[in-house]
Amino acid sequence: MKFVIIGGDAAGMSAASRAKRNNPDLDVTVLEKTMDVSYSACGMPYNIADPEREIEDLVVRQAHVFREKQDINLLTGHCVESIDPVGRTVSGTSLQGKAFDVSYDKLLIATGGAPIIPDLEGFDLPGVLALKSLDDGRKLKAYIKSIHVKKVVIIGMGYIALEMCEALRALSIDIEMVKPRPVFLPWMDKELAEVVRKEIETHQVKLYLGHTIEKIEAENERLKVICSDLMLEADMVLAAIGIKPNSELAEQAGLDLGVKNAIAVNKKLQTSNENIYAAGDCTDAYHVVTGEKTWIPLALRANRAGWAAADNICGKHVALAGVAGTAVFKVFDLEVARTGLTMDEAYSHGFTPAEVVIKTRSRAHAHPGASLIHVQMVGDTTSGRLLGAQMVGKEGVAHRINAPAVALHNRMTVEDYCQTDLSYAPPFGPTWDPTLTAANQLLKKM
Ligand SMILES: Cc1cc2nc3c(=O)[nH]c(=O)nc-3n(C[C@H](O)[C@H](O)[C@H](O)COP(=O)(O)OP(=O)(O)OC[C@H]3O[C@@H](n4cnc5c(N)ncnc54)[C@H](O)[C@@H]3O)c2cc1C
């Protein structure tokens, strides 16, 4: 059987490796449009913060290892331009300009996502950069070095924008952040979002909310981000507005698209064509709380979906439960975490939610070095189910979110959660874990 994979990063290379492990005789070909495979995009902000580190440090496994040790036919510099689902062929052009056709028995689309670049004047100017691929990271690092960037305007305030804000401040670069929406972190509880906002402003970053970007202009080797009521000058502009799924190939091949135009897949990662699977940021997924389709582009689910697609292609029967939307990021000295639904999401999915916001300590009473942890928790007053949690604090947040995340996977009620046996020792938290304190308070409102 010939298994062909389009895209050679998290989902694609996970699938290729898993397929060869399952069945060493399988003929596996990976077509990757860039020259980079299997790297940690998530590590890029931290790598950029350190001029001594090579961007290549982020490569998890080199292309030659896949070829020589795992017998995977990995073709870098091969951009797929079309899929013929009837003839079971993919076609494209190599970086050398050579056309290629590759036939398949089973195909996996693992094309990821692409940064959203607004169709506005000036977004194609040199010095206006985005951060998605390893090559973007390479270019960004080289640009900062080559012109000794002193000031950056970041457009957008999502997690990549915030991680980059910290990374660039570590290089003593001045930062201004701007976005059209007037709310700072719209998905986050207001009180928690305010903690994050203060942390950023404490690090001399200026935030401009509610300013619609009209264009970017270049003048005297500087860039001007022009809004209707504001103008920001910079040596470099980072467009960190968000990403969209790379689903055009699938759409042209007549495959069904789902939420936010991501490729629609079932729990076995099969698309609307039984011989074509899709995995990672280019696909939708089931949400374990709502049971409905969602699109949450994150790394673990891409890796897991790659494995599951390969297992199914190799004759195993693997169905993925879905995602809880668990996500963490760091911004300066803060850890920020979420899992499950916000209040708004809960309402829009027909729940009757209640919430609590509590403040507690990261270590036991009187234990030195404690800091505040803010927890927001959402439950459904009709079914009693736990629906979601968010947390912000200087320590003990990123991993603590995993307890409510597991509870969501198991459809636990808030009352069940209150009875869980969570860990305690003074350096790690109060006797009642902060999530237990929140759940106990939430139970009173249920
Ligand atoms: C700066 C940054 C920080 C991040 N931090 C985190 C984090 O902390 N936690 C987290 O969970 N996630 C994080 N992510 C997201 C995470 O990197 C992605 O969810 C993950 O990489 C998705 O894997 P993927 O294989 O689906 O897609 P991708 O990694 O995007 O890989 C898709 C591959 O397909 C190739 N491709 C696309 N089209 C074609 C074509 N037509 N022909 C051939 N090849 C093609 C692309 O070149 C690419 O190599 C971060 C992302 C970025 C950019």
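A backbone N or O atom of alanine 10 lies 3.2 Å from an oxygen atom of the ligand, a polar contact in the sense of a pair of N or O atoms within 3.5 Å. Alanine 11 also places a polar backbone atom 2.8 Å from a ligand oxygen, and a side-chain N or O atom of aspartate 9 is 2.5 Å from an oxygen atom of the ligand. The protein covers 90% of the 1,000 Å² of accessible area that the ligand has on its own, with areas from the Shrake-Rupley method and a 1.4 Å probe.

This is a predicted model, in which local features need pLDDT of at least 70, side-chain atom pairs count only at pLDDT 80 or more, and totals for chains, interfaces and linings use all residues. Residues are numbered from 1 along each chain as its sequence is written, and side-chain values use heavy atoms, without hydrogens and water.

The ligand is surrounded by 31 residues, each with a heavy atom within 4 Å of it. Strand 4 gives the most to this shell, three residues; strands are DSSP runs of E with at least two residues, and helices are runs of H or I with at least four, numbered from the N terminus.

Elsewhere, five strands form an open sheet with antiparallel pairing, in the order 21-22-25-24-23; two strands pair if DSSP finds at least two bridges between them. Strand 21 (327–331) and strand 23 (353–361) are the edges, each pairing on one side only. Five bridges join strand 21 to strand 22 (residues 334–340), and phenylalanine 329 stands opposite valine 336 of strand 22.

Definitions and conventions
Polar contact = N/O pair within 3.5 Å; in protein donor to acceptor, adjacent residues only side chain to side chain.
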